[in-house]
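Me: Could you take a close look at one part of this model with me? I would like some context on the whole chain first, and then the detail.

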Amino acid sequence: MSTETPNHPGRGHAVALRAERRWAIFVVGLILLLLVMVVFAGVHYAFMPPSRVETIDPSRLQLSGEFVEDNLGTAVQPDGSVVVRFVAQQYSFTPQCLLVPADTPVTIRTTSADVVHGLLVTDTNINTMVMPGYISTLTTRFDTPAEHLMPCHEFCGFGHQTMWAHVKVIDKAAFFDQAKNSRRLSCVSR
Ligand SMILES: [Cu+2]
């Protein structure tokens with residue numbers, strides 16, 4: 001349908017062109033804004049997609065390999081970083097309290113013995129799924145000593161709401177002092 005009138009030939013066409021241009025600029029601006037938000041979230045909050053896939057047999061976790069009971073907890077690596085290993089199962093994490101040093105690179109390695117669980121450490125950007133058959137790996141750093149809650153955030157059965165653990169971040173020097181006497185550390189000294 002044309003909005004042209006005999007007195008103003010072509011005027012409707014010009015109005016439509018201007019409106020189209022305005023909307024095109026608005027849409028391109030919106031897309032650019034969303035792109036900037038994605039990049040900001042990635043860089044500033046260090047959100048990132050999983051980098052690799054590691055599999056493990058969930059029915060044999062306690063029998064052999066990386067997640068046997070006496071290999072769980074926090075271990076110091078030769079390069080001075082630490083690795084925390086724990087297992088999620090209905091309805092707890094083992095160990096129940098993770099001990100880590102402040103201001104040190106920390107690698108978290110975890111897997112599930114049964115169903116899908118969720119790993120979240122409050123006041124940090126640590127958030128991932130814990131799946132049977134796969135190892136979830138995250139690297140992080142805790143700036144200051146603190147206590148964080150670590151609830152399961154994926155509904156995993158009738159006891160889901162009771163499934164949570166603690167992360168205790170302690171002074172770096174105190175941690176490495178304790179690590180001298182113990183191969184694996186958790187909040188409860190063994
Ligand atoms: Cu769970």
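What percentage of the contacts in the protein chain with a separation of 6 or more comes from residues 24 or more positions apart? After that, please walk me through strand 6 and its hairpin with strand 7.

Reply: Happy to! This is a predicted model, in which local features need pLDDT of at least 70 and side-chain atom pairs count only at pLDDT 80 or more, while totals for chains, interfaces and linings use all residues. Residue numbers start from 1 along each chain as its sequence is written.

To your question: 60% of those contacts join residues 24 or more positions apart, a contact being two C-beta atoms, placed from the backbone, within 7 Å.

Now the setting. The protein chain holds two helices and 10 strands (DSSP runs numbered from the N terminus: H or I of at least four residues for helices, E of at least two for strands). Its radius of gyration is 26 Å, well over the 16 Å that the globule rule gives for 190 residues, so the chain is more spread out than a compact globule; the radius is taken over C-alpha atoms, and the rule is 2.2 Å times the number of residues to the power 0.38. Along the principal axes, the C-alpha trace spans about 95 × 40 × 30 Å. Domain 1 covers 1-47 and domain 2 covers 58-179, with bounds from an automatic or database domain assignment, and their C-alpha centres are 48 Å apart.

On to your hairpin. Strand 6 spans residues 117-120, with His117 and Leu119 on a covered face and Gly118 and Leu120 on an uncovered one. Strand 7 (residues 127-130) runs antiparallel to strand 6, joined to it by four bridges; two strands pair if DSSP finds at least two bridges between them. Leu120 sits opposite Asn127 of strand 7. Six residues separate the two strands of the hairpin, and in that turn Asp123 has a positive phi of about 65 degrees.

Definitions and conventions
Buried ≥ 20, exposed ≤ 12 C-beta atoms within 10 Å, placed from the backbone.
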